[in-house]
Amino acid sequence: MEKSARANSRNISKAAKIIWSGGLVIFPTETVYGLGANALNPEAVVRLFEAKQRPKFDPIIIHIANIKSLKDLCKNVNETARKLIKNFWPGPLTIIFEKRQIVPDIVTSGLDTVGIRMPSHPVALELIKKSKCPIAAPSANKFGYITPTKAGDISCQLKKKVGIILNGGETPIGIESTVISVIDKPIILRSGGIPKEEIEKVVGKVEISRYKLKLASPGQMDRHYAPGTKMEFLTCKTKLPENKKIGLIAFEEPVKNKDKFQVIEILSQKGDLREAAHRLFAVLHKLDKMNLDKIYVEKVPEKGIGIAIMERLRKATNK
Ligand code: TXA
Ligand code: MG
């Protein structure tokens, strides 16, 4: 059976039935493709961890389609959280709350907190509504590997483990949601679709966590979002190897050494960071399939969504 299906209303209903009966579904969100299961069904969530080969200490985000569900899942929605919700939901912002007992421990890896977001992608919203339950969904990739932003980049291994793949084309933002905890002072645990500057306009000064926090988060582990091919930053000091198949991911049009690379992918001709974010994972997937000896990547300016891009590139190059 061909599992990949157009994300139309009929197929979304099919997918909802699969979720409701404890199965797994791959679906598009505005950030990246997610691998979804009924968040309130612990066995379904265990299946999800196994399919992804994800360590059990790494908690999963719950996706909701209306505010009422928020109150069912968590307590103490404070003023800061309310402001963030008003400004950024539905959208690419995951907020960490204190969890209620109804949320299974497997979802939160035993933490007292739960990450929740309301996606804005119409397919994701319709799927959650039709499933009649909140959906736990990590990105639809094997743990540690590159995140998919189009159905064609989802691995065959993962496809085998799900009931249906809803193909909704390319995901518009292209990198994951920003994860922010507001339980104490607001702190960004993972940079993502909503830049820090935009959040600060709404709630004032926000910190960015410097990795090694006690909380486990892929963004806080050293190697993540990584292609199988070795990857390294290209700097003015880089000595390019001779007689090797090498590729380059450039931010804008590269200026020198163009003939040394077998392939050059430009993230954004016009130097637009949003376009670069949108293309980043698809370009990584493409180059990773080319059997190159090494991929070189240029740094992008660390402002706006560029911070989230660089966070991912540092993990992918292990720097
Ligand atoms: O855009 C996204 O967030 C996508 C789409 C599918 O919604 N999902 C996603 O999930 O990126 P995942 O599992 O790949 O990343 C979730 C991140 C991880 O860094 C995880 O550690 C963190 O959220 N997280 C989830 N719950 C948490 C919690 N209670 N405390 C701290 N971090 C948490
Ligand atoms: Mg992920």
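This is a predicted model: local features need pLDDT of at least 70, side-chain atom pairs count only at pLDDT 80 or more; totals for chains, interfaces and linings use all residues.

User: How are α1 and α6 oriented to each other, roughly parallel or oblique?

Analyst: Two packed helices are described by the angle between their axes and the distance between the axes. For helix α1 (residues 9-20) and helix α6 (residues 122-131), the angle is about 50° and the axes are 8 Å apart. Roughly parallel is a term kept for angles under 35 degrees, and α1 and α6 are therefore oblique to each other.

User: Which residues of α6 meet α1, and how do the residues of the contact divide by class?

Analyst: On the side of α1, the residues that take part are Ser9, Ile12, Ser13, Ala15, Ala16, Ile19 and Trp20, and they meet Val123, Glu126, Leu127, Lys130 and Ser131 in α6. The residues of this contact of α1 with α6 divide into 7 nonpolar, 3 polar and 2 charged.

User: Which residues of α8 make the contact with α4?

Analyst: The crossing in which α4 passes α8 is right-handed. From α4 the contact takes Thr80, Lys83, Leu84, Asn87 and Phe88, while from α8 it takes Glu198, Ile199, Val202 and Val203.

User: Are α9 and α10 roughly parallel or oblique to each other?

Analyst: The axes of helix α9 (residues 273-288) and helix α10 (residues 306-317) come within 9 Å of each other and cross at roughly 30°. Since angles under 35 degrees count as roughly parallel, α9 and α10 are therefore roughly parallel.

User: What is the handedness of the α9 and α10 crossing, and how many nonpolar residues does their contact have?

Analyst: The crossing of α9 and α10 is left-handed. Leu273, Ala276, Ala277, Leu280 and Phe281 of α9 meet Gly306, Ile309, Arg312 and Leu313 of α10. By class, this contact of α9 with α10 has 1 charged residue, 1 polar residue and 7 nonpolar ones.

User: How many cavities of 30 Å³ or more are there, and what is the volume of the largest cavity?

Analyst: Rolling a probe the size of a water molecule over the atoms shows where empty space is left. When the whole structure is searched, 3 cavities of 30 Å³ or more are found. The largest cavity has a volume of about 520 Å³.

User: Which strand gives the most to the lining of the largest cavity?

Analyst: The largest cavity is lined by 40 residues, and those closest to its centre are Arg54, Pro59, Ile61, Val179 and Arg190. The strands β3 (33-38), β6 (93-99), β7 (113-117) and β11 (187-190) each supply at least two residues of this lining. With 4 residues, the strand that gives the most is β7.

User: What volume does the second largest cavity have?

Analyst: The residues that line the second largest cavity include Thr178, Ile188, Ser191 and Gly304. By class, this lining has 6 nonpolar, 4 polar and 1 charged residues. The volume of the second largest cavity is about 60 Å³.

User: Is the peptide bond from Trp89 to Pro90 cis or trans, and where is Ser109 placed?

Analyst: Most residues other than glycine have a negative phi, and most peptide bonds are trans. Pro90 is placed in the loop between α4 and β6, and the bond from Trp89 to Pro90 has omega near -5°, which is cis. Ser109 has a positive phi, near 55°, and its place is in the loop between α5 (105-108) and β7.

How values were computed. Residues are numbered from 1 along each chain as its sequence is written. Chains are lettered from A and ligands numbered from 1 in the order in which they are written. Side-chain values use heavy atoms; hydrogens and water are left out. A crossing is left-handed if the near helix is turned anticlockwise from the far one by less than a right angle, and right-handed if clockwise. Contact means heavy atoms within 4.5 Å. On a 1 Å grid over the protein atoms alone, a cavity is a set of points where a 1.4 Å probe fits but cannot get out, and a pocket is an open set with protein on both sides within 12 Å along at least five of seven lines; lining residues have an atom within 4 Å of a point. Grid points are joined across faces, edges and corners, and a volume is the space filled by probe spheres set on the points. Ala, Val, Leu, Ile, Met, Phe, Trp, Tyr, Cys and Pro count as nonpolar, Asp, Glu, Lys and Arg as charged, and the others, Gly among them, as polar. Axes are lines fitted to C-alpha atoms, for helices over the stretch in contact, and angles run from 0 to 180 degrees between N-to-C directions. Angles under 35 degrees count as roughly parallel, over 145 as roughly antiparallel, 65 to 115 as roughly perpendicular and the rest as oblique.
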